[in-house]
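Student: Could you show me how to read the features of a protein model, step by step?

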Amino acid sequence: MAAAYAWLLVLCSVFVCNLMKALLPSISSILSKMLQKDADQESEMRAEIQNLKREQFSISMMDEFARYARLERKINKLTDQLKTHVKSRTGHQAKMKWFVNIVFYIVQGALMISLIWKYYSDPVTVVPSRWIAPVERLVAFPTGVAGGVGITCWLVVCNKVVSLGLNAVS
């Protein structure tokens, strides 16, 4: 009974994997935001820089040069710290994206290999041989059943159709 619905299982698995692949950037950015603790510090630094710039703009450079120069140095120091912080955050996000992608592709590969392993000898469906005559053996691989559609061919076809469908929708 389960072998009779292998085509549906494969189609659903491929659909879910392709949907997750489309959502990977969102997932990795959400995870990096959840794991990042310094977002408040960064916004405080930006606000402080803006306040210092407003204060600097309100004083005359000619009349109060020493105060103006101190504010300028303070703004430059905070700006450098903010740049360092942003660079660190960006690196952290890139690492998180890389990690999420690697984990996804490992899970997807394990799922596809397990489906191929489970349904190795069973054809997903059997069609008349003349429909697939020139490539019958390739389509039937690994089952070897004449007119049969093997799990590997079905995975490739489902993956292409689902990815084209999801690209058309998005």
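This is a predicted model: local features need pLDDT of at least 70, side-chain atom pairs count only at pLDDT 80 or more; totals for chains, interfaces and linings use all residues.

Tutor: Residues are numbered from 1 along each chain as its sequence is written, and side-chain values use heavy atoms, with hydrogens and water left out.

Student: Which residues of α1 are buried?

Tutor: Buried means under 20% relative accessible area, exposed over 50%, and partly exposed in between, with a 1.4 Å probe and protein chains only. Helices are DSSP runs (H or I, at least four residues), numbered from the N terminus. In α1, the buried residues include Ala-6, Val-10, Ser-13 and Val-14, and their cover includes α3 and α5.

Student: What does Val-14 touch?

Tutor: Contact means heavy atoms within 4.5 Å. Leaving aside residues up to four places away in sequence, Val-14 touches Met-112, Leu-155, Cys-158, Asn-159 and Val-162.

Student: Where does α1 have a kink?

Tutor: The bend at a residue is the angle between axes fitted to the seven residues ending there and the seven starting there. In α1, a kink of about 55° lies at Leu-23, shortly before the proline Pro-25.

Student: Is Val-103 buried, partly exposed or exposed?

Tutor: Val-103, which lies in helix α3 (residues 65–118), is partly exposed because its relative accessible area is 37%.

Technical notes:
Helices (H or I, at least four residues) and strands (E, at least two) are DSSP runs, numbered from the N terminus.
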